Amino acid sequence: MNDTSSTCPEYNNRLKMAANLVDKVRTKYRNAALRKRCLIWLELTGCSGNIISLLDGSNPDFKYLISHMTYFIYNNSLSVSEGENAMKQLFSVLGSDYILAVEGAVATRNNGLYNIIGRMNGKPVTALEAVKKLGEKAAHVIAVGACATHGGVSAAKPNPAGCVSVQSVLNRKVIKLPGCPCHPDWFMGTLAHILLYGEPALDSSDRPLLFYSTLIHDRCPRRSYFDMGIFAKKPGDKTCMFKLGCRGPVTRTDCPTRQWNKYVNWPIEDDTPCIGCAQFGFPDAMEPFISYNITREVRK
């Protein structure tokens, strides 16, 4: 059984390029050839999973992001400021050159009052208001994670808060990094490219080609089993999990080669079918995550 990623130099070069972008940023900052820019990380309706994922990143780590790559102005979970001071800090970037990263979907029901992120001048500040005001003026907007890129879990049925994607409320291009959560490298690499060269090459869905150009299925180490028609019959089998509900054939990310948790593992290697968390429509369009017959067999 062969890992097909080793047979595709172009794909491997793309992975190396993603890592090299951050190294170039390091070098240019060290030589004072690149200026730091303000970064706002705004959390809307979601689980904060993407900022947690970013905190677990290692190439570089979060400390490097906030101390060397950017002026990290605001994040709902991490900012020290509270109350009105936090809101003043959030909107302080207006009129400057800043990059806006948004995780979480936008709650639109009742004019956005389902998600209030703070108060300013005695009035509530909704997530809807914040993303519109900041999004229209930002140099670049990056939607981080499934909820921000297309609604994700927050917009899953029955969607009581009327959650929608960031793109749905902004009249401008939004760079989309789907995933539940987004891999730290996908964000760091995209940000590094913006700092060095501007907007990266995007596909027709505004996803960076660096990370979303290839189907998981085409780089899966179990692909040879699929080609031979050898399929797993139950969780834990070491063959192709397509018939267990694996969504690798419709999901575009570099998970098979980049992997997770500091590049040590990913779901397929741990005998878990891909659930398509980085594909538009997740989770509703990717369900069921495992076939009914297999679930029933396991319960027996």
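This is a predicted model: local features need pLDDT of at least 70, side-chain atom pairs count only at pLDDT 80 or more; totals for chains, interfaces and linings use all residues.
A disulfide is a pair of cysteine sulfur atoms within 2.5 Å. A search of the whole structure turns up zero disulfides. Take Cys 180: its closest cysteine sulfur belongs to Cys 277 and is 5.8 Å away, so the two are too far apart for a bond. Cys 180 is partly exposed, with a relative accessible area of 35%. Cys 274 itself counts as buried because its relative accessibility is 9%.

Leaving aside residues up to four places away in sequence, Phe 187 touches Leu 39, Trp 41, Leu 54, Leu 65, Ala 101, Ile 142, Val 144, Leu 177 and Cys 182.

Is Arg 37 buried or exposed? Arg 37 counts as buried, because its relative accessibility is 12%. Arg 37 is found in strand β1, which covers residues 37–43. Its side chain makes a polar contact of 2.9 Å with the side chain of Asp 97. Among the other residues that Arg 37 touches are Tyr 29, Met 69, Tyr 71, His 140 and Leu 195.

Now for the aromatic rings. A pair of rings is described by the distance of the centres and the angle of the planes. The model has eight aromatic pairs. Phe 226 and Phe 231 form an edge-to-face pair, with 5.9 Å between centres and 85° between the planes. Phe 226 counts as partly exposed, at 26% relative accessibility. Phe 231 also pairs with Phe 242, this time in a tilted arrangement with 6.3 Å centre to centre and 45° between the planes. Phe 231 and Phe 242 both lie in the loop between α10 (223–228) and α11 (255–258), eleven residues apart. Phe 242 is partly exposed as well, with 39% relative accessibility. Elsewhere, ring pairs link Trp 186, Tyr 212 and Trp 260 into a cluster.

Finally, the backbone deserves a look. Most residues other than glycine have a negative phi, and most peptide bonds are trans. Against that background, the peptide bond from Phe 282 to Pro 283 is cis, with omega near 5°. Another cis peptide bond joins Glu 287 and Pro 288, where omega is about -5°. Pro 283 is in the loop between α11 and α12 (292–299), and Pro 288 lies in the loop between α11 and α12 too. Lys 262 is found in that loop between α11 and α12, and its phi is positive, near 65°. Asn 111, in the loop between β4 (106–107) and β5 (116–120), has a positive phi of about 60°. Lys 262 counts as exposed at 57% relative accessibility, and Asn 111 counts as exposed at 61%.

Conventions: Residues are numbered from 1 along each chain as its sequence is written. Side-chain values use heavy atoms; hydrogens and water are left out. Rings of Phe, Tyr and Trp (its six-membered ring) pair if their centres lie within 6.5 Å; planes under 30 degrees apart count as stacked, over 60 as edge-to-face and the rest as tilted. Buried means under 20% relative accessible area, exposed over 50%, partly exposed in between (1.4 Å probe, protein chains only). Helices (H or I, at least four residues) and strands (E, at least two) are DSSP runs, numbered from the N terminus. Contact means heavy atoms within 4.5 Å. A polar contact is a pair of N or O atoms within 3.5 Å; within protein, one must be able to donate a hydrogen and the other to accept it, and residues adjacent in sequence count only if both atoms are side-chain atoms.
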